[in-house]
Amino acid sequence: MRREDVRPLLEQAARPLPEPDLADAAWSAGLAIRRRRRRSTTIAGVVVLLVIAIAALVAGLSRNSAEVVPPDTVPSLPAGYIRPAGQISGMDFWVAPPSGSERFLDRLATPLGDSLRLPETAADLQSEQLQEIAAVLLSETNGIYRPLLLGANARWVHATIELDPIATGPPLGSGAVSPDGRLVAFPQPRGVVVIDATTAVTRRYSLPVEDLRSVSWLPDSARVLVSGPTAAFRVLTGAGGFGEESVTQLRWTADPYAATAPYRLDGGPGRVELRRYSLNGGWTLESTLGLPASSWVGQTIAAGDTAARLFVADRLPQVQTTASRPQLIAAVSTAQTTPSRLLVLGETPAATPPPTPGPAAPDAVRTPGCCFVLGWYDPHTSLFQVAGWVLAWDLETGQVRRVTELEVNTVALGPGIAG
Amino acid sequence: MRETVDPEFAAYVDAREARWLRSAYLVYGEPERAEEQLLHAFTRLALRWGRVDDPDAFVQRLLYQPALSRWSRPKPFEDDDEQPVKAVLTGLSPVQRTVLVLLHFEELTEFEVAEVLGLSHTAVHGHAQTALSAFRSGLGHGDWRNAEDRR
């Protein structure tokens, strides 16, 4: 047999096989394998990610569980912390020292000194400018008022401008000094006067309303709100936005002291509203509080995220009063981490029991109007005026300290008070 | 990989499947196994279609190397013993049968067979001689190396 004879024999042996058709079947099987591989790859990827995530979770949990150790000491309170007297409308409140005890309180040192009176000598603002205003007083001569400015360096200067009285008397309000401490504004009949303490430049802006009573600066110290019982305006004193009017009339409010920035606290019993002022939208509601406020005194003065204003309450079960209505300073915080607080200015209870049965007349009463918020020493220390005194309320500790005894009727405070 | 069969792939398979099915049948001795192996080889080729340099060698390796595996030895022509050729092929070892088919049916060279099966050329040559001798002897032609038979 030759080699060439092998092939015909093999062909003969393989002949009975049918003709196959494998192209479609092979391609389909290839597609199925490809899909199966992709699915497996995806599943494997997901499983790997899951395993990594679980491992990270377990590692994180084990690390957290190792780190979370219950503290063995109670949280420390600030030095001198005083426990609140209770709660009013869900807010902690403290009771201010009674009237007459101010002299014996701890003192908060400021450029105002122990007592605040008109200075005997004061330099001319033209010759000695101030970098930061601590306080503003008014000296009166024959119904004409002249401003006296106290700098953060405890230097007094006087501005050579004569101011007319306004409907309530001296043209000086709590919000007179700008947040940067450079400017001071005085409401005037049909206008507002602004003095720049750093340049001694005085500007007068005319307004179309006679009765204007309060001023309040915006945080940019370039605009001031001027309001009275019939109208409110925003006056541009610095560089403004494109096309901004020098004087813009605002929505009128009946309370001449309510138009304040950046926050405004007002409203009736059970619904006190905190509003934030913006250039475009005016006052927008920030939050509502259930405080028992029947009337408001003075302006809302804000520092950082906290706004403070004094209100008079009708009757409070938490505060015993017999001859007057309790007054409260509400320090309302807009930050979630800082609680809002109240300070009650009540009566001085009788030192001796009454000769006849019945409630004893208090030894001293703080009448509405005697007290209002003046400003802030720092973001957690509010300054307020009570009859004849400027006091400081530390919101963190609840302590009330004396700042100065007032021998003048009106004062406005600026950021320079912190020295 | 496209969803429908590639025309070039289909033409390639159509041109070769009949011949390779027959040679696989001679190697494995089972028509089902032969078709299964050939389908497997074409499926692998479909997965890499367009990326294989020598598709013929690729398919042949996948088609014939499993016949040499000791774990899946073919059981050739168990139900068909009428043809003497099949009986002789059954008597050969898997590697001898595969080499014989590739050399004399596929008409590959010994070097090509060595590459397809992953064997050395010497081994292929030895298996080829042995297989051819056994094939001749089984069909009654005697060993070709015997001088008397040559005459």
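Biologist: What share of the 419 residues in chain A is made up of buried residues?

Modeller: Buried residues make up 40% of chain A, where buried requires 20 or more other C-beta atoms within 10 Å of the residue's own, with C-beta atoms placed from the backbone. This is a predicted model, in which local features need pLDDT of at least 70 and side-chain atom pairs count only at pLDDT 80 or more, whereas totals for chains, interfaces and linings use all residues. Residues are numbered from 1 along each chain as its sequence is written, and chains are lettered from A in the order in which they are written.

Biologist: What makes up the secondary structure of chain B?

Modeller: Chain B has 8 helices and 0 strands, a helix being a DSSP run of H or I with at least four residues and a strand a run of E with at least two. Chain A, by the same rule, comes to 2 helices and 26 strands.

Biologist: Why are α6(B) and α7(B) called roughly perpendicular?

Modeller: The axes of α6 (residues 110-117) and α7 (residues 121-138) of chain B cross at roughly 110° and come within 9 Å, with axes fitted to C-alpha atoms over the stretch in contact and angles running from 0 to 180 degrees between N-to-C directions. Roughly perpendicular covers 65 to 115 degrees, and the two helices are therefore described in that way.

Biologist: Which residues of α6(B) and α7(B) make the contact?

Modeller: B:Glu110, B:Phe111, B:Val113 and B:Ala114 of α6(B) meet B:His121, B:Val124, B:His125 and B:Ala128 of α7(B), contact being C-beta atoms within 7 Å.

Note on methods. Buried ≥ 20, exposed ≤ 12 C-beta atoms within 10 Å, placed from the backbone. Parallel < 35°, antiparallel > 145°, perpendicular 65-115°, else oblique. Contact = placed C-beta atoms within 7 Å.
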